[in-house]
Amino acid sequence: LSLLALRCSTDNLSDSVHYPDVERVEWLNKTVKQMWPFICQFVDKLFRETIEPAVKGANPHLSSFCFTKIDMGDKPLRVNGVKVYTENVDVRQVIMDMQISFVGNTEIDVDIAKYYCRAGIKSIQLHGTLRVVMEPLLGDMPLIGALSVFFLKKPFLDINWTGLTNMLDIPGVNGLCDGLIQDIIYSYLVLPNRLNIPLVGEAELARIRFPIPEAMIRVHFLEAQDLVSKDKFLRGLVKGKSDPYGILRLGTQEFKSKVIKENLNPKWDEVYEFLLYNNTPKTLEIQLFDKDPDEDDKLGSVMIDTAEVQKLQCGEEWLTLEDVARGKLHLKMEWLSLLSKPEKLNQVLASIKANSTHASDGLSSAVLVVFLDSARNLPSVFEGNLGSGYLKERRSAGLVFCENTSSLYRTLFVSPLADFCILDQYGECGGVIMSQFA
C-alpha cells in the first residue's frame, strides 16, 4: 500500500520521449520465421493455461469450454518496423515499439461438451504496436532483469469463426465467444496490463509487475461555444440544435461527460483525472459528439500533447475544434506529480478546498494503490439459501453475478474503509482481511 500526495512539480519526471524514425528489420522477420514453431508452442500453452480457464470462468454456460486443437499455421508473424528510444529514457532500460502484423491460416477448434457444441477459428488477423521494455539493465549476466511486453492501445484483432451458429443455441451465450476472447486477450496484453518475463529474482521483478503511477493529469472539462448544429427536422428544412457530450481518452483510460440537451454553447463543469504510468501514450484525445437515437454525429476534436501540460503545470485555454467548420472548447488542465510521503497532504487538501467553487467535484488529494496479488486455501462457496432460491439453482439459471446489491458488476473485493472482503466471481465471500490505517 502506498499513499502518494499530489503536488505540481517536475521533480523525478522525465521529459517527453524522443521518437526516432521507424527502422525496417527484415533480419528480425527471418529470425521469427526460424523460431515460429517454438513461438507456436508458447501460444498453445497461453491459450490452454490462460485463455481457456478465463473463458470457463466468465460465464457458467461455458464451464465445459476447451480448445481441442490449436494450430497457428505456417505463416509467421511479421514485424513491419521498429522504433528504439535512445534519448531521455532511464539509463537502466531499453524501450522499443514493434509494429506487428499477423494474418494467419490458423486451425483452432473449440468444444463446449455440456451443449455438444463444436466451433472453430479458421483465421486470425492481428495488427498493432507492441512495446517491449527491457529493464532493469544489470552489470552482470544475463544483463537484463526482465522483459515486459504489452500493447499501448487495443490492437486490431479479427477472429474468423466457423460453426459459430451452434453457439447461438446455447442459453446465455448467444455467440459471445468472439468478443469474450478478445477482451481476455486485452486484459493480459494491453496497457496497464502486460506480459512479464522474469530473467532475475522476484524482489526486483516486483517493481516491474506492480508499477506505481508517475503523475496525474487533471482535466477540467468546462464548456464549448459556437458548436455545429447537427439536428434537423422536416427532412432538413428546419435546423435545430445539438445535444453535445464529450469523450476524453488517454491510452486505455476513457471518460464520457454528461449530455447537454439542445445547446450549441454547453457548459459541463466536470473534472476527470488520468493516471500516467511510465509507458502511457503521450497524447490526450478529446472528441465532442451530438447524441442521437441512432448514430451520434461528430462535433469536432482536439489532440493535446501531455508534455506541453507538464511544461505549463497548470493552464486554462480555449481550443479550436478540428475537423469541423467551427467551435471552441474551454479546458483547464493541471499536471500533478506524486510524492511517496504524506507530509504535504494537508496542504493539498487545503488547496482543493480553496478551489471548491469552480468545477472541482471529485478532486483527488492522494492516490491509494492496492495490489491484490494472490490468495490461497479459500473455502468452498456457500450453497445454502440466500433469500431468493437456492444458490445452486440460481447459478445454473445464470442469475447469480454478485451478492453485493450496491453494484451491478462482478466484484473482486469490497472495501468499506479498509476491510477487504474477497469474493469469488459469483459474489460469495471467500475471506476477510482486516487492515487499520492511520
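Start by selecting Glu262 in this predicted model: at 57% relative accessibility, Glu262 counts as exposed. You'll find Glu262 in the loop that runs between strand 14 (253-256) and strand 15 (267-276).

Next, jump to Gln313. Phi is positive here too, near 70 degrees, again in a residue other than glycine. Gln313 sits in the loop between helix 4 (306-312) and strand 18 (314-320), and with 15% relative accessibility Gln313 counts as buried.

Now select Gln93, in the loop linking strand 3 (78-85) and strand 4 (94-104). Is Gln93 buried or exposed? Gln93 is buried, with a relative accessible area of 7%. Show the neighbours: Gln93 touches Val133, Met134, Glu135, Leu137 and Asn278, leaving aside residues up to four places away in sequence. Zoom in on Glu135, whose side chain makes a polar contact of 2.8 Å with the side chain of Gln93.

For a backbone detail, go to Leu191 and Pro192: the peptide bond between them is cis, with omega near 10 degrees. Pro192 belongs to the loop between helix 2 (177-189) and strand 9 (195-198).

Last stop: helix 1, residues 26-58. Its 33 residues would reach 48 Å as a straight helix at 1.5 Å a residue, but the end C-alpha atoms are only 40 Å apart. Look for a kink of about 60 degrees at Trp36, shortly before the proline Pro37. Trp36 is also buried, and other buried residues in helix 1 include Val32, Cys40, Val43 and Phe47.

Conventions. Residues are numbered from 1 along each chain as its sequence is written. This is a predicted model: local features need pLDDT of at least 70, side-chain atom pairs count only at pLDDT 80 or more; totals for chains, interfaces and linings use all residues. Side-chain values use heavy atoms; hydrogens and water are left out. Helices (H or I, at least four residues) and strands (E, at least two) are DSSP runs, numbered from the N terminus. The expected span of a helix is 1.5 Å times one less than its number of residues. The bend at a residue is the angle between axes fitted to the seven residues ending there and the seven starting there. Buried means under 20% relative accessible area, exposed over 50%, partly exposed in between (1.4 Å probe, protein chains only). A polar contact is a pair of N or O atoms within 3.5 Å; within protein, one must be able to donate a hydrogen and the other to accept it, and residues adjacent in sequence count only if both atoms are side-chain atoms. Contact means heavy atoms within 4.5 Å.
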